[in-house]
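I opened the notebook today with a ligand site to look up.

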Amino acid sequence: MKILSVVGARPNFMKIAPFIRAIEKHNHENEGGIQHLLVHTGQHYDVRMSKVFFKALNIPDPDINLEIGSGSHAEQIGYTMVAFEKVLLEQKPDWVVVVGDVNATLSCSVIAKKLNIKLCHIEAGLRSGDMSMPEEINRVITDRLSDLLLTPDLLSSENLRNEGTSEEKIHFVGNIMIDTLEDNRKWSGDLKLETIIKENLVAGCINPKRSPVDFSYALITLHRPSNVDDEEVFVPLIKFLSNEVTKDLLVIWPIHPRARKQLINLGLWERTINNPSLIILEPVGYQEMLRLNMGAKIMLTDSGGLQEECCVLGTPCLTLRWNTERPITLREKGGLSVLVGNNIDRIQKEYFHTLTLNRLPSRPKLWDGHTAERIVEKLIETDKRIRY
Ligand code: UD1
């Protein structure tokens, strides 16, 4: 069986790493059997957004890099499709495996099916119900096209059933992100906070006047266009972080290129990096982020992956969105995250309440670190069942 798997952007890398390792393990135990090729579309291309993850997570260099880079959605999706079609015509895999919900996921799924190649989606069935999110469009289309839909939780399986997906295509395998978390937990736990800060502080950011080793900190990430691109949303959020949160806590913020560009465009960059309670870091590696998360008093984020990691690590989390495709991480479902949108009054109210909470890990079913092995088994089983 020949499998070609695809990554494009940062959140894909932690999902593909355990999958590749599980294939290697299978091949080792069965004297081969699966031929695997990795394609990187190049949507994320900065060293800190891509290369460091390959190195840290032991992902082999991609066999093929499409080098698509930035651009509008149409540019990213269109260029990826053109380039990926050539790869598929040349390589003729039995399966294309896509993960997550980024533009690469969508583009490569469409072309795989156009060429009648079997398609497997890892992390299928997540739904926010919000079609204004680019990721929701990517998820819905990818799932509609997939032959094998591997879900991280039972709510996602139910979403697929409700959309009319046939039962034989849906398999609940657990959350592959947690395989990577468990693989790295110990190593990350040994990292020193001071070293992470020293090595990743953005140029010009003044050294923090207090150390996160003996002072509690909030961990922040922001990258969604709905929070970052709209000035009327972004500026109040920055004010809240700079003026309110810093009264109680240090703020550590590994900054996404989109947020950094917006701060510069709005003329807020200098003020932000000169605030002694705001520690602005370059985008950090996977293990560094895990370490920062393990020690945080509270997380404020608009990232879906971090919502999940907070749940398993036990970090109280304010999710800066009005909806989530990962309801299993919410407090009402036993998780640690609460949706606060981007309304400052609401954020403030939940923020003060959340500060009173202690860390309390929670682990949804099959988030056990063995999802990738189940995925490889399902692929082998399904490949025997469906032949084109
Ligand atoms: C993408 C994904 C999102 C994911 C996020 C994680 C889509 C639709 N969105 O959003 O699901 O949660 O990645 O980071 O696929 N840039 C750089 N260097 C890079 C990459 C991007 O400077 O290595 C800049 C781009 O020029 C662009 C901005 O960052 O202006 C945003 O990048 P883009 O790939 O459009 O989407 P993300 O916001 O990162």
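First, a sorting rule for my shell count: I take Ala, Val, Leu, Ile, Met, Phe, Trp, Tyr, Cys and Pro as nonpolar, Asp, Glu, Lys and Arg as charged, and the others, Gly among them, as polar. I also noted that this is a predicted model.

**Shell**

With that rule, I sorted the shell around the ligand into six nonpolar, eight polar and six charged residues. I then looked up which of the 20 residues around the ligand come nearest, and found Gln-43, His-44, Ser-70, Glu-135 and His-256.

Which helices supply at least two residues each to this shell? I wrote down α1 (10-29), α3 (73-91), α5 (134-145) and α11 (257-265). I put α11 at the top of my list, as α11 gives the most to the shell, with three residues.

**Ligand contacts**

One entry is the side chain of His-44, with an N or O atom 2.8 Å from a ligand oxygen. For Arg-258 I got 3.0 Å between a side-chain N or O atom and a ligand oxygen.

How much of the ligand's accessible area does the protein cover? I have 88% of the 750 Å² that the ligand has on its own. I also looked up the site itself, and the ligand sits in the largest pocket.

**Sheet**

Next I traced an open sheet of seven strands, paired in parallel, in the order β3-β2-β1-β4-β5-β6-β7. I marked β3 (64-65) and β7 (170-172) as the edges; each has a single partner strand, so one side of each is left without a neighbour in the sheet.

Last, I followed β6 (residues 148-151), which runs parallel to β7 and is joined to it by three bridges. For Leu-150, I found His-171 as the bridge partner in β7.

Methods: Residues numbered from 1 in each chain as written. Predicted model: local features only at pLDDT ≥ 70, side-chain atom pairs only at ≥ 80, totals over all residues. Heavy atoms only, no water. Near = heavy atom within 4 Å. Polar contact = N/O pair within 3.5 Å; in protein donor to acceptor, adjacent residues only side chain to side chain. Areas by Shrake-Rupley, 256 points an atom, 1.4 Å probe, with all protein chains shown as cover. 1 Å grid on protein atoms, 1.4 Å probe; cavity = no way out; pocket = protein on both sides within 12 Å on 5 of 7 lines; lining within 4 Å. Sits in = over half its atoms within 2 Å of the grid points. Helix = DSSP H or I, 4+ residues; strand = E, 2+ residues; numbered from the N terminus. Pairing = 2+ DSSP bridges.
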